[in-house]
Amino acid sequence: MKLHHVIESQQFSVPALMELFSRTMQMEKIVRRGGTKDYENKLMATLFYEPSTRTRFSFEAAMVRLGGKVLSTESAMEFSSAVSGEFLEDTIRIVGNYCDVVVLRHTEEGGAARAAAVSPVPVINAGDSAGGQHPTQALLDLYTIYHECKTMDGLSVLLIGALDTGRTARSLAYLLSKFERVKLYFLAPREMQIKPDILKHLDEHNVTYELLSRPGNVLSQVDVIYQTRINRERLERTDVDLRQYNIDETVLHSIKRDAIILHPLPRSVEIDPAVDRDPRAAYFRQAQNGLYVRMALLSMIFDSEELSLT
Amino acid sequence: MKLHHVIESQQFSVPALMELFSRTMQMEKIVRRGGTKDYENKLMATLFYEPSTRTRFSFEAAMVRLGGKVLSTESAMEFSSAVSGEFLEDTIRIVGNYCDVVVLRHTEEGGAARAAAVSPVPVINAGDSAGGQHPTQALLDLYTIYHECKTMDGLSVLLIGALDTGRTARSLAYLLSKFERVKLYFLAPREMQIKPDILKHLDEHNVTYELLSRPGNVLSQVDVIYQTRINRERLERTDVDLRQYNIDETVLHSIKRDAIILHPLPRSVEIDPAVDRDPRAAYFRQAQNGLYVRMALLSMIFDSEELSLT
Amino acid sequence: MKLHHVIESQQFSVPALMELFSRTMQMEKIVRRGGTKDYENKLMATLFYEPSTRTRFSFEAAMVRLGGKVLSTESAMEFSSAVSGEFLEDTIRIVGNYCDVVVLRHTEEGGAARAAAVSPVPVINAGDSAGGQHPTQALLDLYTIYHECKTMDGLSVLLIGALDTGRTARSLAYLLSKFERVKLYFLAPREMQIKPDILKHLDEHNVTYELLSRPGNVLSQVDVIYQTRINRERLERTDVDLRQYNIDETVLHSIKRDAIILHPLPRSVEIDPAVDRDPRAAYFRQAQNGLYVRMALLSMIFDSEELSLT
């Protein structure tokens, strides 16, 4: 599979996902033996218009473990004083001439696509606004399910949180729709339920789903629990008990013995730290998979260029 | 040529410039084949007291493509809370002991010279205040003219913008005075015209020049158009039409077929993005030359040390 | 000696200190010949919750000179908006999976110990609050005394400054108590004198000491002067002449011919720049030793892991 820009999770077909995941598993082995030097001439620029240390470190560690080098911005504040709408494009044209791949976190929805349109080198979207895309997060979420459950087909997946705005939950629902016999449960306060655009997409792909505002006994039925945060400030009703959406040790008694609990992190109160000890708590393994998935993506991009040259 | 500190563009003689430009052309080839490892034991510290991602990335990419390593500050804010005028000097003495070259962007005019006076390793000035020096920008501007026009001798060069304060235009005028039969045109609103110190210098070196407040037909006569920004806020008169200083597609019809348009970037409205498509728009090539010029400077500095040791 | 986390200076026994110092001297030679590649597969993350460019550069230069790679945060501001007390632990768990060692500067006393408790890789404390620990500073201070004076036994050491809160002076007094026949003098305004916990510790270890509020003739009697800053804002009395605690050229006439003057830097007015010329002014050599001590610590940590595996 040839890969150039990585802009949105939807761009990946099921075969492409499977090749990516196969490569991701190889990357885990490569890291175990101390990394590779295969990409030692490659230079990555992380251009972050807002800080995200975890995501940035994950990309930069991925590049270093591949043998490559990094130019880094923690928070490209000067760019936010941009005098003109052309500024992002000009910056990408310049920075793209200094490096072999640009990892961009931008503050505006569609920023990554605008950058890709003019960039002399591949652009990887590392998040473009809360309402936008963050494809590498979506890919590592999906990979973690695949790696932990050995398949996506036939899984029951429960997504919890502020599902209307949560880009990670939205992207995961979208990606899961590509697989066979998946059943999705969306658990959220009524005003934060998943939006119709996702439901329409699921309908078109014949994916079964249920909308829930209370957990009921769904927790005992699912293979994957994908937990995200709910901000009380967004709730108009004061009578909603948010604790029913949290996961604590009591919940552990009611979920399947081989279920897994995921969370994009960082978490707040929605998962009790006491849960961390349980082997079904997979969120730190999930974060670590971010390293391997990003190594796999970078290596696919660089290998695609080699293919183009030969 | 031996090179230690790089503090101001005036320090370079014509033979030194020619050696630098010859080396710069080699660097372009070295980048094309993936860089070198010749300087793999060298460590550069970029000490930026104010952020400038483009300049910093250009230096850091230069060091990486030479095989070297980088210590980086995006914005050394803690230094700005300096308790004493001695602080910059102390910092340079300390940081200079950790690395092989310091790239300094400081907020005070003369900061780089102060640093060089105490530094245990070479200092490169990456800009010391708007009114100060930014010699690597001046060198890459000059190199771009040389590379695009194959000579400096006999060129007609038009500089447009707030020429009184613009350090890039001032430095370029200064450097061009070193060459034969150069003719300079300065186009600016009256109150932003180039200052007498530069004109005096040009007179002393028998350089022909003209001061213009309106473009008239100068655009059709010049080989190089060096465009910079005009801030409306600085204009007292409200009747000045700033659009006459901008470059758009209409202007392209009136300039020479082999003229080039330069800009230190970032731009605002003074060059219409529609101009980018024209092969005479050389400003992105100019930015890329920044990488090669900085590689050439760094390699000259490191090679000079080897010479000193033998 | 096996070394994993570096949390507080007290964790080092005298034999451990001697092994560290022996290794530190080797590191100086390694830097002179351009560094080593022995640790080229190792990746260090510098996670700084507040900026400290000098300390960060010292660690990062140490890692680079050992051949290793670095992930860097200048100021992990996003972390300060932490929504939960678990946040540091979660971040360490994630970042620790991307790298081989974490260098942490935290804003809360005990932050490094909390991080070490959950980290999958060794944690080095690079300072956890003004009242907390900064063990690598203490170790480089002690190493400088050892390197300059060839011994610690029998030395007379004068500590000057706001000794009640100064963590560097407190740690140094603590470490010196491990050696034979050391005599300590504490010179400070009464309300900033060294605290009883340190004096109790010295009593228990039979260390002789004197508390002074005026220099008198102590300066002529000591082998080491450890100078730190006094903030006038903290003084309630307005009649205290702070100049008596400063070191200027006059003081140089009264100190021993082979005494050394140390300062953790950055300094304010407490050491006159005119003193820098005197060979007894050892504070810049002290700062440089920070590089070698940190290289020694990192190499001990990595070598300990190898030992564990075999």
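Student: How many residues of chain C are in contact with chain B?

Tutor: 25 residues of chain C touch 27 residues of chain B, contact being heavy atoms within 4.5 Å. This is a predicted model, where local features need pLDDT of at least 70, side-chain atom pairs count only at pLDDT 80 or more, and totals for chains, interfaces and linings use all residues. Side-chain values use heavy atoms, without hydrogens and water.

Student: What area is buried between chain C and chain B?

Tutor: About 2,300 Å², with 59% from carbon and sulfur atoms. Buried area is the accessible area (1.4 Å probe) that two parts lose on being put together, summed over both. Arg54(C), Phe57(C) and Arg65(C) supply 28% of what chain C buries against chain B, more than any other three residues.

Student: What makes Arg65(C) and Asp100(B) a salt bridge?

Tutor: The rule wants a side-chain nitrogen of Lys or Arg within 4 Å of a carboxyl oxygen of Asp or Glu. Here N to O is 3.2 Å, so the pair qualifies. Across the interface of chain C and chain B the rule finds four salt bridges.

Student: Which helix gives the most to the side of chain C that touches chain B?

Tutor: H2(C), with nine residues. Helices are DSSP runs (H or I, at least four residues) and strands likewise (E, at least two), numbered from the N terminus.

Student: Why is the pair of Tyr39(A) and Phe302(A) called tilted?

Tutor: Rings of Phe, Tyr and Trp (its six-membered ring) pair if their centres lie within 6.5 Å; planes under 30 degrees apart are stacked, over 60 edge-to-face, the rest tilted. These centres are 5.7 Å apart and the planes stand at 35 degrees, so the pair is tilted. Tyr39(A) lies in the loop between helix H1 and strand E1, and Phe302(A) in helix H10, so the pair ties together parts 263 residues apart in sequence.

Student: How do you know whether Phe302(A) is buried or exposed?

Tutor: Buried means under 20% relative accessible area, exposed over 50%, partly exposed in between (1.4 Å probe, protein chains only). Phe302(A) has 1%, so Phe302(A) is buried. Tyr39(A), at 12%, also counts as buried.

Student: What kind of aromatic pair do Phe186(C) and Tyr209(C) form?

Tutor: Edge-to-face, with 6.4 Å centre to centre and 65 degrees between the planes. Phe186(C) is buried at 0%. Tyr209(C), at 23%, counts as partly exposed.

Student: What makes the charged end of Arg294(A) sit over the ring of Phe59(A)?

Tutor: The rule asks for NZ of Lys or CZ of Arg within 6 Å of the ring centre and within 35 degrees of the ring normal. The charged end of Arg294(A) is 4.8 Å from the centre of the Phe59(A) ring, and sits over that ring.

Conventions
Residues are numbered from 1 along each chain as its sequence is written. Chains are lettered from A and ligands numbered from 1 in the order in which they are written.
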